[in-house]
Amino acid sequence: MMSSLVSEERTPRKSFTDHLYTALCQIGINTFMDDRLRRGEQISPLLLKAIDESRFSIIIVSDNCAFSDWCLDKLAKIIECVKVMGHKALPVFYNVDPSHIRHQTGSLAEAFAKHEQIYREKMEKLVKWRETITQLATISGWDSRNRTPHESKLIEEIVGHILNKLVGISSSYMKDLVGMEPHIEAMDSLLCLGSFDVRMIGLWGMATIAKTTIAKVVYERIYTQFEGLPLALKVLGSSLYAKSKNEWKSELEKLKQFPNKEVQNVLKTSFEGLDDSKQNIFLDIAFFYKGHDKDFVGEILDSCGFFFSIGIRNLEDKSLTTISENKLCMHDLLQEMGWEIVRQKSEVPGKRSRLRAHEDINHVLTTNTRTEAVEGIFLDLSMSKELSFNIDAFAKMKRLRLLKICDLQIDRSLEYLLEKELITYPHDVWTGRKYLYNKVHLYGDFFKFLSNSLSDLYWHGYPVKSLPSNFHTEKLVELNMCFSWLKQLWVGKKQFDKPKSFILCHSQNLTKTPDFSRAPNLKKPILKGCTSLVEVHPSIRALKKLIVLDLEGCKKLKSFSSSIHMESLQIFILTGYSKLKKVLEVQGNMEHLSKLSLQGSAIQGLPSSIENLSRLALFNLKDCKRLESLPRSIFKLTSLKTLILSNCAGFKKLPKIQENLKNLMELFLDGIGIIELSSSIGSLNGLVLLNLMNCKKLASLP
């Protein structure tokens, strides 16, 4: 099924949006309209979910779209999904000149002037909004002024465009096929996909003329526009035929708990034709990884010995899974079949290979019925009662590969405060645990309870001070323990060859990281909000595959490397590291680093080697109150788009700009101590925003 979001940016003509919404719904596209999800000035979780789960966002852009914080935050979320998830944004410039959006002139300039007054202490938010508008303006869309007064034609064009985007020819069927295009074009004209009629097309002809092949290719092009399997419709339809409305309701309620056996038995035929490795991949996706990134899951299941690349291809060929925008997709009926296959293996939950039903997991952990059969557990306690058990319950699960536990509950008082907008989520939650509490209560021997076969350890709210000292990490790919009670992971070195993600966000008791020297493949150590962290092991400098290093809010950090040379690093955040006094020397050309934040540090200057950051796009030095000047080499950063020097009170003079930073769009000098501004500022031809608010010593402008 295809989902879309109609995002209305304060457009004065509501009927246009309503008509577009109706047209999309009428052709079977699951469509959300955000005005129905709006509540207050915070983006609701429901709206965030709608954006995340949609494949398209149709953005109705009006002349006053930038006046609303809510609209800008929503746009930022959509653009983030475009960049990260392959989401498609389709702007409709409704009675507004697109050039005003592109150049941020007219009412947009007025709106951002207002925001600068309000958010002078939160300039990063303003930077993000401006970047969002800039990126929105680069996306091809529709100008409603060219269609006036025929808005119906514009709606028809938008709907048709979305349908055409969905009609993607599958390479698995089109590869090596000769002369297929004319047949497909003929079928397209007969199907009239943009209409609301019901069409039945028959293919007639002698044997071996590719009737089946044509049907398969057409199906691959259009199946994403439609729901439900033909077999399921046939079986369920016959069971409901000539029945009363109450009987229909009763049958549907029954199906929620007990899938139809006839449908399940037919679907199982494809599953039973798989070898053990491919069956395991299918079941792991059904239980744990539906909707997850294919490459990420592949690394985990390869660690389990399942040969993921060849396995997932075979599952696709048998239509047991599909890949959409690199996400693993599975029909609900197939997922339910996977659950049922495992459930039927044994009436005793502890003898099943995978567990995700809360009742089954509770039974296994509290009644001492666990066995070595258990390979995976997914326990979400966010909406469940508290659970207390002996930690020895894990001891017999020697084959446990996948352990995912969300042991975290937001206090109801926090929900009330959020609803009344008395605090801002999530920052106020991250800065303290008073609104969060654990729902798992453990007792027993904590020194040996985790399986050495674990490839994925995901336990939010992990309630123990450290991992078992004899826990082997050779197979571990993901370690995700946000909001944990860890003080340290373990003592000494551990072989850590496979992990890509090392996420310990907001583990506020963590004091130091482990030795990373045996973790050569680590890409993302995320330590944001670890407020007690004192030491990051120096071995982190040797991680050649490191992409993201996030130490935001690690305010007790006493020391960090005096030089950085992480050749693959793309994002480096040291925000809030107030004890950083030594200048970070840049060794070699770190050509992949695009974002560097030293906000709130105690540095007094920057090294000339900063010029080695040739791809740096955002440099945040806000609140570096001891910073006095910048080296001239900073103006050799030709990729720089945003430079933030806000509230650098000790900053006295901006060096003469000798190079033309054609990409610099935003320069924040608000609250700094400069006396004069060099006339060379005029060479910044691409500058959109120059913020000089509260520069009290500034006597004149060039």
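**Close-up 1. Phe16, a buried residue of the predicted model.** Phe16 has a relative accessible area of 0% and is therefore classed as buried, in a model that is predicted. Tyr94 is likewise buried, at a relative accessible area of 1%. A search of the whole structure finds nine aromatic pairs, among them the one formed by Phe16 and Tyr94, which is tilted, with 5.2 Å centre to centre and 40° between the planes. Because Phe16 belongs to helix α1 (residues 14-26) whereas Tyr94 lies in the loop between β4 (88-93) and α4 (98-103), the pair ties together parts that are 78 residues apart in sequence.

**Close-up 2. The aromatic pair of Phe502 and Phe516.** These two rings, Phe502 and Phe516, form an edge-to-face pair, at 5.6 Å centre to centre and with 75° between the planes. Phe502 is part of strand β17 (residues 501-503) and Phe516 of the loop between β17 and β18 (524-526), so that the pair ties together parts that are 14 residues apart in sequence. Phe502 counts as buried at 1% relative accessibility, and Phe516 is buried with a relative accessible area of 2%.

**Close-up 3. An aromatic cluster.** One aromatic cluster is formed by Phe389 and Phe394 together with Trp459 and Tyr462.

**Close-up 4. Charged side chains over aromatic rings.** The ring of Phe112 has the charged end of Arg130 sitting over it, 4.3 Å from the ring centre. In the case of Tyr458, the charged end that sits over the ring belongs to Lys404 and lies 5.3 Å from the centre of that ring.

Terms used
Residues numbered from 1 in each chain as written. Predicted model: local features only at pLDDT ≥ 70, side-chain atom pairs only at ≥ 80, totals over all residues. Heavy atoms only, no water. Phe/Tyr/Trp six-rings, centres within 6.5 Å; stacked < 30°, edge-to-face > 60°. Helix = DSSP H or I, 4+ residues; strand = E, 2+ residues; numbered from the N terminus. Buried < 20%, exposed > 50% of the residue type's maximum accessible area, 1.4 Å probe, protein only. Lys NZ or Arg CZ within 6 Å of the ring centre and 35° of its normal.
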